[in-house]
Amino acid sequence: MAALEAAEAALGQRQQLQQEEEEEEENHDHGHEHEGDGEPAALNGLVVSEKVKSNNIDVKIPESELEAEEKGAEEERPRESDSNILDVSSNYPRDKHISIQRHLADLEKLADLREDERKPCPLCPEEKFKACYSHKLHRHLQNLHWKVSVEFEGYRMCICHLACRPVKPNLVGDQTLSKMGAHYHCIICSATIVRRTDMIGHINRHVNKGETESRFITVRAPKSSYEVVKESATDVQVLPNHSTPQKTDSYFNPKMKLNRQLIFCALAVLAGERKPIECLDAFGATGIMGLQWAKHLRSSVKVTINDCNENSVSMIKENCHLNKMKVKLNIREQDNNETVGNGEENSDTIEVTKMDANVVMHLRSFDFIHLDPFGTSVNYLDSAFRNVRNLGIVSLTSTDISSLYAKAQHVTQRHYGCNIVRTEYYKELAARTVIAAVTRAAARCNKGIEVLLAVALEHFVLVVVRVLRGPTPADDSARKVRYLIHCQWCEERVFQKEGNMMEENPYQQLPCDCHGSMPGKTAVLLGPLWSGALFNTGFLRRMLLEAVQYGLDEAQPLLKTLICESECTTPKHFSTHSPGDENKQEECGVYIRTPNTSVESYLVHGKRKSEEVLRGIAKRQRAEHSAEHPPFYYNIHRHSIKGMNMPKLNKFLNYLSEAGYRVSRTHFDPMGVRTNAPLAEFKTVLMEYSTPTYVGAQAEGPVHLPGDIQVGEEVPAAAAIKVEKAELAEDDQSGVSAAVFTQPYPTHCAAD
């Protein structure tokens, strides 16, 4: 302690002496030179010991004590500022470490590669990697530094072997020397991490905390790093990692283009019924969907784009400006000049909100609501049906296909309260599961639904429903949620009968007899599921018209398939208008109802009369769609016969239609057949028009056998060939030339 006090006193005297000497130098004339014989050597700071003259007392302080004192003072300063390291680094940006580069060429520039000179590695000490020629140094930089780097925002954090951070001393060797190990330098906080996996986890923790902006001057990502993607005449800015985003980034999936087109067609049909309508994109992300609505439908819609992520909201505003759209934020910000473009008050204006989706739907009423969260959408159904207007539309996209497609059945039970198994019709099962959850959510708000569209493809399940307000529609919709009895042996299925009475033998409801011929329990109870129709034919036709009008090429083939599926007809008998309609208009080859029959014309005579008219419209629609499409479908490969070649799918559809059954293809399965024929009759027709494998190897297409001839009997064509050959032999004996018979037989004749 005494030594430290003496050292502190000496330092104070030293600083005072330096100040006095500086004042003396300023007072002297600059033309005269100071005599240096009597100057103390303490000004240079390079002596072994120094004398401090104060009050005629000479104090001699050893250099070791001064160095120890200065070192302790330097160590105390970082300890005091450890808690403020991030704040200091954020306020004072610094240059990045030399191991952080964008390209390999930038790393080679540091080494200054020349063919005729030996150069050391800029990231390795001399004792680890000696100086070498350019070709060897290039391989060293590429293999030992660049390939093991960690990438972030276009930069590579290469491994560094320099003496940047001390590690624990080697206990085996010399205790005084400390070994410098390989490490990485963090591009965000400049921390040094030894292992690559730890470095990746360290960067991910920064990203999860929202600390994605680097604190180095030269690493901040410019705005030009955004990519501009164009879809349906709408430009949006997306991040380079839009397909695999981090937690704080926005997501843009180009594979969902078909989904966006279908939703746009549904909104365009609703905009034709009444205008203007208020529509909500509850999960905007980049805002591509809401921008397409506002850009194409113009004054017919009032678009609101919402997202709870601040980065997504900022990107939505930039994309609105990119597409020359006005941005309406709130009352305070609306007074500022933060809008772009000229126009009317409601034209080309998009409202952008930053709230939770449930809060937005609780606060306001909308005519059209689209839900597209990450995963399941059941958490937002109650809010969606709370304030949606009568005859409005709610569309939801579910991307939790692992649970809906029966890969995670416990998750399906937890989210949807539904028991399902993997079946041949699992995609339609997923659609009916989602609709059942939608029906229950709407019924809790005293509202019923009418399913307009249900699509289940590889990446998503899309459901579009119309909302019917009132307890009567709610009860009618709730009655259509029933359980399904599914046979696990033959894949036969039937919805359980209505009623609360217990049946003595529920297996009797199944058309098959697997329970009597097979041991044990053969069927399972699935559900609750939606048992009603999945499509509205009239609405699909109007969607097809909108797709043709706006040039949505990807949606048109799917909509035609859905129309055929809803009517349960083959594409050969496909027509874009139904024979029962009277008032029609034709546009682009598609027939639609005239505006005289629209809902808008009935909403101007008072509330009571309009409700009566709406009930009449609902009754008439139920009468027109009394013949609903049959539920579920059969996969032709699942029920094929071993050792037999099946007929072509389109020909098989014709065979079923000729047998008197309704039949169509389905979008759920490319090899699926939707028909009202029982499974036993389905297999009978398939067996009748299938051919044995050895016959199919020599003949193209199915061979139609007469009813009185079995597969094992001789075909009449083969017998005719034998008779012809016998006559040919007789003609050869009588001298008739056989050159005329050298042509091959037709391909449909069997060989001898």
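## Aromatic pairs

Rings of Phe, Tyr and Trp (its six-membered ring) pair if their centres lie within 6.5 Å; planes under 30 degrees apart count as stacked, over 60 as edge-to-face and the rest as tilted. Tyr425, Phe495 and Phe632 form one such aromatic cluster. The structure shown is a predicted model: local features need pLDDT of at least 70, side-chain atom pairs count only at pLDDT 80 or more, and totals for chains, interfaces and linings use all residues. Residues are numbered from 1 along each chain as its sequence is written, and side-chain values use heavy atoms, leaving out hydrogens and water.

A search of the whole structure finds ten aromatic pairs. Tyr633 and Phe668 are stacked, 6.0 Å centre to centre with 5 degrees between the planes. They sit 35 residues apart. Tyr633 is in the loop between helix H20 (607–624) and strand S23 (634–635). Phe668 is in the loop between strand S25 (663–665) and strand S26 (672–675). Helices (H or I, at least four residues) and strands (E, at least two) are DSSP runs, numbered from the N terminus. Tyr633 is buried at 1% relative accessibility, and Phe668 is buried at 2%. Buried means under 20% relative accessible area, exposed over 50%, and partly exposed in between (1.4 Å probe, protein chains only).

Phe652 and Phe682 pair edge-to-face, because their centres are 5.2 Å apart and their planes stand at 85 degrees. Phe652 belongs to helix H21 (residues 649–658) and Phe682 to helix H22 (residues 679–688). Both residues are buried.

## Nonpolar cores

A nonpolar core is a set of buried Ala, Val, Leu, Ile, Met, Phe, Trp, Tyr and Cys residues joined through side-chain atoms within 4.5 Å. The largest has 106 residues, and Phe385 and Met543 have the most contacts inside it. Helix H7 (residues 257–273) gives the largest share, eleven residues.

A second, separate core of 22 residues includes Leu510, Tyr634, Leu649 and Leu679.

## Confidence

pLDDT is the predictor's confidence in each residue, from 0 to 100. Its mean over the protein is 75, and 65% of residues reach 70 or more.

Over residues 28–93, pLDDT stays under 50. Where pLDDT is low, the predicted coordinates should not be read in detail.

Key. Contact = heavy atoms within 4.5 Å.
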